[in-house]
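Here are my notes on the model, as numbered points.

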Amino acid sequence: MPNLTDPLSEDESTDIFDKLHEECGVFAIYGHPEAANLAYLGLYALQHRGQESAGIASSDGRKIYCTRKMGHVADIFTPDVLNQLPGDLAIGHTRYSTTGDTVLLNAQPLSVAYSKGQIAIAHNGNITNAGEIRRDLEAEGSIFQGTSDTEVVLHLVAKSRERTLPGALRDALLQLEGAFSLVFLAENSIIVARDPHGFRPLAMGRVEMSDGRGAYVFASETCAFDLIGAAYIGDVEPGEMVIVGPKGLTREHYTPAQNLAQCVFEHVYFSRPDSLVFGRSVQISREEMGRLLALEHPVDADVVVPVPDSGVAAAIGYASESGIPFRQALIRNHYVGRTFIEPSQAIRDFGVKLKLNPVRSLLEGKRVILVDDSIVRGTTSRKIVRMVRNAGAKEVHLRISCPPTISPCYYGVDTPSQRELIAANQSIKEIERFVEADSLGYLPIERLRDAVADTDKRFCYACYTGKYPTPLIQIEELAMATKTGC
Ligand code: SF4
């Protein structure tokens, strides 16, 4: 008999929103007198991709300066700190890492001096053979500072026999497996690269200055360009390396693109709806997910209510397709930090209540369609369903804008183990009972493909199918790589 008990007790689910976690955001700029200030603004726009640490490295053409700290971008980069980051070139990073791994040593950019000069690096993704490479490097005498997979790239660059930095980078990149969108800073150049599968996004843009000159910018999402007035030019392509230096911009494929696997979860949940990711509007994808969800799982109801924020666009799509009115009946408190003081007297579902509050007047006596973007362990979904019912809803029908999450991600998304993923262990009917919904419907995988216009199989869906687009190495290696990715 399937186990219908809670796969994880409520107390064990420490994250009050129980989402698959944000990963990391990267930014780079070449040729702007206020490079560090613009990197700061870019990171500010990318804050949703990681809130545990942030850093900026800049160069004035002679020396690299670097500041990285635990905390939020706006708290770290005061005017005094930014004044200590001079020069026309800068890279930046905002990081999320898994519990127990939030040490400053792993915060990025990582900056080192080696035989060919100084270099700084920032990374989004997860290098799946990092554990293997690290073990070999350590056997040859390399000494590592932290546990981040990004550090292996620096060691490979330093060890390379190639005489130029682009050559050494090419050498290093060809040894890596898995997901990486990387930005490098040398004294007088910026180099950015994407893995040949294209797991993580990396957009390219240009800021025009009043004196007629222009600066090249790169970022995980285009929302970073909007804030600094940069125009989106296109994406760094899978397997491509772009070098910007005194001689201008050059693009080259250091390896051919192969078996494309752009992360569909960027469109489902991670990225901001005002971004273009992999060249496509995230808002449009999410509304389409909601519209197709309404066609797949219609239900007679009075209101469509999103779980904010990431369920909003899908709920708009569901409402417009079904003709059922959209109501913002759950209000999110945006100012909740990761730590809070819990009253000594236990309050039921305290964590979720801290973050969400129902609008009783919109829910009382109503048949509600509740739209969310994912169910991870199921515990949070159950709390939200209860919250809506306790606010007076007559029926609660839960609709999820992606397929059931059945497998962990090894490419930079912090997913619980398969044991903890409710959909890996229970049927949809069982999950429906567990979350206490009157009905439950997920978006089928083929409709998700339609929603992101994946006509030529460019996306990864491994967390919904268990079919990984790259060969994976032994479990211990993966455990290490997964813990230290970004
Ligand atoms: S496994 Fe899922 S979360 Fe990870 S890259 Fe693939 S689609 Fe994205």
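1. Helix 10 (residues 312-322) lies across strand 17, strand 20 and strand 21 (395-400). Its direction is at about 165 degrees to strand 17. Helices (H or I, at least four residues) and strands (E, at least two) are DSSP runs, numbered from the N terminus. Axes are lines fitted to C-alpha atoms, for helices over the stretch in contact; angles run from 0 to 180 degrees between N-to-C directions.

2. The model is predicted: local features need pLDDT of at least 70, side-chain atom pairs count only at pLDDT 80 or more, and totals for chains, interfaces and linings use all residues. Residues are numbered from 1 along each chain as its sequence is written, and side-chain values use heavy atoms, with hydrogens and water left out.

3. Which residues of helix 10 are buried? They are V312, A313, A314, A315, G317, Y318 and A319. Buried means under 20% relative accessible area, exposed over 50%, partly exposed in between (1.4 Å probe, protein chains only). The buried residues of helix 10 pack against helix 9, strand 17, strand 20 and strand 21. Contact means heavy atoms within 4.5 Å. Just after helix 10, G323 has a positive phi of about 80 degrees.

4. The open sheet has four strands, in the order 17-20-21-22, with parallel pairing. Two strands pair if DSSP finds at least two bridges between them. Strand 17 (303-306) and strand 22 (439-442) are at the edges; each has a single partner strand, so one side of each lacks a neighbour in the sheet. The twist averages 25 degrees from one strand to the next. Four bridges join strand 17 to strand 20 (residues 367-372) in the parallel sense. P306 is opposite V371 in strand 20.

5. Helix 13 (residues 379-390) lies across strand 20 and strand 21, at about 145 degrees to strand 21. V388 belongs to helix 13. V388 is buried, at 0% relative accessible area. Not counting residues up to four places away in sequence, V388 touches L330, L363, V368, L370, A393 and V396.

6. The largest nonpolar core has 67 residues. L330, L370, L398 and Y464 have the most contacts inside it. Helix 9 (residues 282-296) gives the largest share of this core, five residues. Domain 1 (25-261) and domain 2 (285-454) each supply at least three residues; the bounds come from an automatic or database domain assignment. A nonpolar core is a set of buried Ala, Val, Leu, Ile, Met, Phe, Trp, Tyr and Cys residues joined through side-chain atoms within 4.5 Å. Another core, of 30 residues, lies apart from it, and includes A35, V73, L85 and V207.

7. The whole structure holds eleven aromatic pairs. Rings of Phe, Tyr and Trp (its six-membered ring) pair if their centres lie within 6.5 Å; planes under 30 degrees apart count as stacked, over 60 as edge-to-face and the rest as tilted. The F265 and Y269 rings have centres 5.7 Å apart and planes at 55 degrees, so the pair is tilted. Both residues lie in helix 8 (residues 265-270), four residues apart, about one turn of the helix. F265 is buried at 2% relative accessibility, and Y269 is buried at 12%.

8. F459 and Y461 form another tilted pair, with ring centres 6.5 Å apart and planes at 45 degrees. F459 and Y461 are both buried. One aromatic cluster consists of F199, Y410, Y411 and Y468.
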